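Reader: Hello! Could you take me on a close look at one part of this structure, the recorded binding site, and go through it residue by residue?

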Amino acid sequence: MLSRLRGAMAALLTPLARVLLRIGVTPDAVTVLGTVGVVAVALWAFPTDRLTLGAVVIGLFAVLDSLDGTMARLSGRSGPWGAFLDSTLDRAADAGIFCGLLAFFLLHTDGTLRTWGMVSALCCLVLGNLVSYARARAEGLDMTASVGIAERAERLVVSLLAAGLVGLGLPVVVLVVALAVLAAASGVTVVQRMATVRTQALATRTTPGAAPSPGG
């Protein structure tokens with residue numbers, strides 16, 4: 001869904017990408033610095049109850065998420081390494097965001113809100129990683145699994161929007177509910193991707209001469 005906007009975003013970021021390449025900044029440097037920025041802000045702003053500030057700054061980093069890819073294409077450096085680095089560091093950024101939110105609930109709430117907030121943030125972290133792993137594993141087996149109702153863009157928008165609004169004065173329960181719904185949607189996405197891969201695997205199995213896929 002929101003990932004379809006990446007093409008338009010890449011076009012908007014092209015002038016900035018050209019400038020950075022001209023002054024010697026590499027796509028890998030942008031990827032690493034962006035991840036470090038997200039993790040640092042999430043682990044500082046959220047645990048210290050600066051939810052809106054953290055959400056806005058992390059949102060800006062997220063908008064620039066396609067900058068490294070645009071730079072790689074313009075410089076002719078697109079390849080497996082850049083894709084691997086970007087995907088791996090995306091997991092680190094997601095971990096920073098949800099660990100920061102978990103710390104917020106631990107330090108600034110109590111009772112039921114604390115319990116369910118921490119559980120929801122943890123479930124978002126775990127299930128979000130499962131969503132990404134399912135796609136990566138499918139692609140490693142020469143299949144596709146780019147389906148689902150809660151891809152990374154949607155997960156970021158929901159979690160950051162809810163955190164920002166709570167920081168502006170909405171009750172904390174709004175963030176708890178948003179994370180719980182997001183965790184459920186992530187779980188549904190995992191099932192959707194598993195079903196998609198199973199369909200492809202069964203089709204391959206019935207193809208004459210098809211070799212069985214390795215386990216793991």
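Author: Happy to. A residue counts as buried under 20% relative accessible area and as exposed over 50%, with partly exposed in between. Keep in mind that this is a predicted model. The UniProt record, an unreviewed entry, lists Asp65, Asp86 and Asp90 under "binding site". These residues span 26 residues in sequence, yet no two of their C-alpha atoms are more than 9.2 Å apart, so they gather at one spot.

Let's start with Asp65, which sits in the loop between α3 (51-63) and α4 (67-75). Its relative accessible area is 24%, so Asp65 is partly exposed. Leaving aside neighbours within four places in sequence, Asp65 is in contact with Asp86, Asp90 and Arg152.

Next comes Asp90, found in helix α5 (residues 80-108). With a relative accessible area of 11%, Asp90 is buried, whereas Asp65 is partly exposed. Not counting residues up to four places away in sequence, Asp90 touches Asp65 and Arg152.

Searching the whole structure gives two aromatic pairs. In one of them, the ring centres of Trp81 and Phe84 are 5.9 Å apart with planes at 35°, so this pair is tilted. Trp81 and Phe84 are three residues apart in helix α5, which puts about one helical turn between them. Phe104 and Phe105 form an edge-to-face pair, 5.3 Å centre to centre with 65° between the planes. Phe104 is buried at 3% relative accessible area, and Phe105 is buried at 0%.

Conventions. Residues are numbered from 1 along each chain as its sequence is written. This is a predicted model: local features need pLDDT of at least 70, side-chain atom pairs count only at pLDDT 80 or more; totals for chains, interfaces and linings use all residues. Side-chain values use heavy atoms; hydrogens and water are left out. UniProt positions are given in the numbering used here, feature names are shortened, and annotations may be inferred rather than shown by experiment. Helices (H or I, at least four residues) and strands (E, at least two) are DSSP runs, numbered from the N terminus. Buried means under 20% relative accessible area, exposed over 50%, partly exposed in between (1.4 Å probe, protein chains only). Contact means heavy atoms within 4.5 Å. Rings of Phe, Tyr and Trp (its six-membered ring) pair if their centres lie within 6.5 Å; planes under 30 degrees apart count as stacked, over 60 as edge-to-face and the rest as tilted.
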